[in-house]
Amino acid sequence: MKIFRGIDDITAAVGGVLGASEWITVDQERIDGFAESTGDHQWIHVDPERAARGPYGGTIAHGYLTLSLLPAFLTRIYRVEGARMAVNYGLNRVRFVSPVPVGSRLRGTAELLEAKPLPDNAIAMTLRTTVEIDGAERPACVAESVSRQYF
(Lines give C-alpha, C1' and ligand atoms only; values in the text may rest on other atoms or scores of the structure.)
Protein backbone atom coordinates (compact mmCIF):
# COMPACT_ATOMS: atom_id res chain seq x y z
CA MET A 1 0.00 0.00 0.00
CA LYS A 2 1.28 3.42 -0.98
CA ILE A 3 0.93 5.95 1.84
CA PHE A 4 0.94 9.67 1.12
CA ARG A 5 1.67 11.96 4.06
CA GLY A 6 0.88 15.26 2.37
CA ILE A 7 0.75 17.25 -0.81
CA ASP A 8 4.51 17.00 -1.43
CA ASP A 9 4.35 13.18 -1.28
CA ILE A 10 1.50 13.18 -3.78
CA THR A 11 3.17 15.52 -6.28
CA ALA A 12 6.40 13.52 -6.07
CA ALA A 13 4.55 10.37 -7.19
CA VAL A 14 3.16 11.81 -10.44
CA GLY A 15 3.90 9.55 -13.38
CA GLY A 16 4.35 6.45 -11.29
CA VAL A 17 2.33 3.30 -10.75
CA LEU A 18 0.94 3.29 -7.22
CA GLY A 19 0.35 -0.45 -7.13
CA ALA A 20 -2.27 -3.13 -7.63
CA SER A 21 -5.15 -4.21 -5.44
CA GLU A 22 -6.09 -7.69 -4.35
CA TRP A 23 -8.41 -9.70 -6.59
CA ILE A 24 -12.18 -9.36 -6.19
CA THR A 25 -14.49 -12.09 -7.52
CA VAL A 26 -17.54 -10.92 -9.44
CA ASP A 27 -20.16 -13.58 -8.73
CA GLN A 28 -23.81 -13.72 -9.78
CA GLU A 29 -24.94 -12.49 -6.37
CA ARG A 30 -22.93 -9.28 -6.83
CA ILE A 31 -24.28 -8.83 -10.37
CA ASP A 32 -27.87 -9.40 -9.21
CA GLY A 33 -27.42 -6.95 -6.33
CA PHE A 34 -26.12 -4.31 -8.72
CA ALA A 35 -29.06 -4.93 -11.06
CA GLU A 36 -31.45 -4.50 -8.14
CA SER A 37 -29.76 -1.28 -7.02
CA THR A 38 -29.72 0.30 -10.47
CA GLY A 39 -32.82 -1.16 -12.10
CA ASP A 40 -30.70 -2.57 -14.96
CA HIS A 41 -32.08 -6.11 -15.30
CA GLN A 42 -30.90 -6.80 -18.86
CA TRP A 43 -30.85 -10.54 -19.48
CA ILE A 44 -27.11 -10.65 -20.30
CA HIS A 45 -26.55 -9.77 -16.64
CA VAL A 46 -29.29 -11.52 -14.67
CA ASP A 47 -30.67 -14.48 -16.68
CA PRO A 48 -28.08 -17.28 -16.59
CA GLU A 49 -30.18 -19.64 -18.76
CA ARG A 50 -30.75 -17.16 -21.54
CA ALA A 51 -27.23 -15.73 -21.25
CA ALA A 52 -25.78 -19.24 -21.66
CA ARG A 53 -27.19 -19.18 -25.20
CA GLY A 54 -26.02 -15.62 -25.80
CA PRO A 55 -22.82 -14.16 -27.21
CA TYR A 56 -20.79 -14.54 -23.99
CA GLY A 57 -21.82 -18.07 -22.99
CA GLY A 58 -23.09 -16.85 -19.62
CA THR A 59 -23.92 -13.74 -17.70
CA ILE A 60 -21.56 -10.78 -17.64
CA ALA A 61 -21.14 -7.96 -15.15
CA HIS A 62 -22.57 -4.55 -15.95
CA GLY A 63 -19.90 -2.14 -17.15
CA TYR A 64 -20.97 0.28 -14.46
CA LEU A 65 -20.60 -2.47 -11.86
CA THR A 66 -16.99 -2.85 -12.92
CA LEU A 67 -16.55 0.93 -12.72
CA SER A 68 -18.20 1.03 -9.29
CA LEU A 69 -15.45 -1.21 -7.93
CA LEU A 70 -12.86 1.58 -8.34
CA PRO A 71 -13.17 2.71 -4.70
CA ALA A 72 -12.70 -0.89 -3.51
CA PHE A 73 -9.54 -1.18 -5.59
CA LEU A 74 -8.12 2.27 -4.81
CA THR A 75 -8.56 2.02 -1.03
CA ARG A 76 -6.38 -1.08 -1.20
CA ILE A 77 -3.74 0.63 -3.35
CA TYR A 78 -3.13 3.94 -1.59
CA ARG A 79 -4.01 5.99 1.47
CA VAL A 80 -3.63 9.70 2.18
CA GLU A 81 -2.76 10.39 5.80
CA GLY A 82 -3.56 13.75 7.33
CA ALA A 83 -6.29 14.69 4.88
CA ARG A 84 -9.35 16.07 6.65
CA MET A 85 -11.60 15.16 3.74
CA ALA A 86 -11.50 13.50 0.33
CA VAL A 87 -14.14 13.69 -2.39
CA ASN A 88 -14.67 12.15 -5.80
CA TYR A 89 -14.59 14.96 -8.35
CA GLY A 90 -15.50 12.97 -11.45
CA LEU A 91 -14.24 11.01 -14.41
CA ASN A 92 -12.35 12.28 -17.43
CA ARG A 93 -12.48 9.12 -19.54
CA VAL A 94 -13.85 5.60 -19.15
CA ARG A 95 -13.65 2.68 -21.54
CA PHE A 96 -15.17 -0.77 -21.06
CA VAL A 97 -12.63 -2.77 -23.05
CA SER A 98 -13.74 -6.36 -22.39
CA PRO A 99 -16.81 -8.07 -20.92
CA VAL A 100 -16.51 -9.49 -17.40
CA PRO A 101 -17.94 -13.03 -17.31
CA VAL A 102 -19.60 -14.13 -14.09
CA GLY A 103 -17.03 -15.69 -11.74
CA SER A 104 -14.18 -13.49 -13.02
CA ARG A 105 -11.56 -12.17 -10.67
CA LEU A 106 -10.75 -8.48 -11.09
CA ARG A 107 -8.08 -6.21 -9.70
CA GLY A 108 -7.17 -2.61 -10.24
CA THR A 109 -3.77 -1.12 -10.97
CA ALA A 110 -3.49 2.64 -10.47
CA GLU A 111 -1.14 5.21 -11.97
CA LEU A 112 -1.02 8.81 -10.75
CA LEU A 113 -1.26 10.95 -13.89
CA GLU A 114 -1.52 14.40 -12.37
CA ALA A 115 -1.51 16.17 -9.02
CA LYS A 116 -2.73 19.74 -9.21
CA PRO A 117 -2.44 21.92 -6.10
CA LEU A 118 -5.64 23.80 -5.26
CA PRO A 119 -6.40 26.74 -2.97
CA ASP A 120 -7.00 26.13 0.74
CA ASN A 121 -4.33 23.44 1.12
CA ALA A 122 -5.93 20.91 -1.23
CA ILE A 123 -4.86 18.87 -4.24
CA ALA A 124 -6.63 17.27 -7.20
CA MET A 125 -5.35 13.80 -8.04
CA THR A 126 -5.96 12.31 -11.48
CA LEU A 127 -5.56 8.54 -11.57
CA ARG A 128 -5.73 6.01 -14.37
CA THR A 129 -7.03 2.71 -13.05
CA THR A 130 -6.78 -0.36 -15.25
CA VAL A 131 -9.18 -3.10 -14.18
CA GLU A 132 -7.64 -6.43 -15.11
CA ILE A 133 -9.44 -9.75 -15.54
CA ASP A 134 -7.42 -12.64 -14.13
CA GLY A 135 -6.08 -14.67 -17.07
CA ALA A 136 -7.31 -12.30 -19.78
CA GLU A 137 -5.10 -10.45 -22.25
CA ARG A 138 -7.19 -7.28 -22.32
CA PRO A 139 -8.48 -5.30 -19.35
CA ALA A 140 -12.13 -5.04 -18.42
CA CYS A 141 -12.03 -1.29 -17.97
CA VAL A 142 -9.67 1.66 -18.05
CA ALA A 143 -10.88 4.72 -16.14
CA GLU A 144 -9.37 8.11 -15.47
CA SER A 145 -10.79 9.49 -12.23
CA VAL A 146 -10.26 12.71 -10.31
CA SER A 147 -10.40 13.05 -6.55
CA ARG A 148 -9.69 15.97 -4.28
CA GLN A 149 -7.83 15.74 -1.01
CA TYR A 150 -8.26 18.52 1.56
CA PHE A 151 -5.62 18.95 4.25
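**Figure 1. Ile60 and its contacts.** Ile60 touches Ile31, Ile44, His45, Pro99, Val100, Pro101 and Val102, leaving out residues up to four places away in sequence. The model shown here and in the other views is predicted. Ile60 sits in the loop that runs between helix H4 (48–52) and helix H5 (63–68). Its relative accessibility is 7%. Ile60 is therefore classed as buried, since the cut-off for that class is under 20%. One of the contacts, Val102, is 42 residues away along the chain.

**Figure 2. The whole protein chain.** The chain has 151 residues, and 40% of them count as buried. There are 6 helices and 8 strands. Read from the N terminus, the elements follow the order β-α-β-β-α-α-α-α-α-β-β-β-β-β. Along the principal axes, the C-alpha atoms fill a box of roughly 55 × 30 × 20 Å. Contacts between residues at least 6 apart in sequence were also examined: 71% of them join residues at least 24 apart. The chain exposes about 8200 Å². Carbon and sulfur atoms supply 47% of that area. Charged side chains number 16 positive and 18 negative. The centres of these two sets lie 4 Å apart.

**Figure 3. Gln149 in strand S8.** Strand S8 covers residues 141–150 and includes Gln149. Is Gln149 buried or exposed? At 5% relative accessibility, Gln149 counts as buried. Its contacts, neighbours within four places in sequence aside, are Tyr78, Val80, Ala83, Met85, Ala86, Asn121, Ala122, Ile123 and Met125. Of these partners, Tyr78 and Val80 fall in strand S4 (78–80). Ala122, Ile123 and Met125 fall in strand S7 (122–133).

**Figure 4. Val97 in the loop between S5 and S6.** Strand S5 spans 85–96 and strand S6 spans 104–118; Val97 lies in the loop between them. With 28% relative accessibility, Val97 counts as partly exposed. Which residues does Val97 contact, beyond its neighbours within four places in sequence? They are Arg138, Pro139, Ala140, Cys141 and Val142. Cys141 and Val142 belong to strand S8 (141–150). Glu36 is 61 residues from Val97 along the chain. The C-alpha atoms of Val97 and Glu36 are separated by 24 Å.

**Figure 5. A patch of negative charge.** Asp27, Glu29, Asp32 and Glu36 gather on the surface in a patch of negative charge. Glu29 is part of helix H2, residues 28–38. Its relative accessibility is 66%, so Glu29 counts as exposed.

**Figure 6. The salt bridge of Glu81 and Arg5.** Side chains of opposite charge can pair when their charged atoms come close. A search of the whole structure finds 6 salt bridges. One of them may be seen here: Glu81 pairs with Arg5, and the closest N and O atoms are 3.4 Å apart. The pair links distant parts of the chain, 76 residues apart. Glu81 lies in the loop between strand S4 (78–80) and S5. Arg5 lies in the loop between strand S1 (2–4) and helix H1 (7–12). Glu81 is partly exposed, with a relative accessible area of 29%. Arg5 is exposed, at 56%. Arg5, Arg79 and Glu81 are linked in a network of salt bridges.

**Figure 7. The salt bridge of Glu132 and Arg107.** The side chains of Glu132 and Arg107 meet at 3.0 Å, N to O. Glu132 is partly exposed, with a relative accessible area of 25%. Arg107 is also partly exposed, with a relative accessibility of 26%.

**Figure 8. The salt bridge of Glu111 and Arg128.** Glu111 forms a salt bridge with Arg128, and their closest N and O atoms are 3.2 Å apart. Why does this pair tie together parts 17 residues apart in sequence? Because Glu111 lies in strand S6 and Arg128 in strand S7. Glu111 counts as partly exposed at 23% relative accessibility. Arg128 counts as partly exposed at 32%.

Methods:
Residues numbered from 1 in each chain as written. Predicted model: local features only at pLDDT ≥ 70, side-chain atom pairs only at ≥ 80, totals over all residues. Heavy atoms only, no water. Helix = DSSP H or I, 4+ residues; strand = E, 2+ residues; numbered from the N terminus. Buried < 20%, exposed > 50% of the residue type's maximum accessible area, 1.4 Å probe, protein only. Contact = heavy atoms within 4.5 Å. Patch = residues over 30% accessible without salt bridge, like charges linked within 9 Å, V, L, I, M, F, W, Y side chains within 5 Å. Areas by Shrake-Rupley, 256 points an atom, 1.4 Å probe, with all protein chains shown as cover. Salt bridge = Lys/Arg side-chain N within 4 Å of Asp/Glu carboxyl O. Lys, Arg positive; Asp, Glu negative; His and termini not counted. Charge placed at Lys NZ, Arg CZ, Asp CG, Glu CD.
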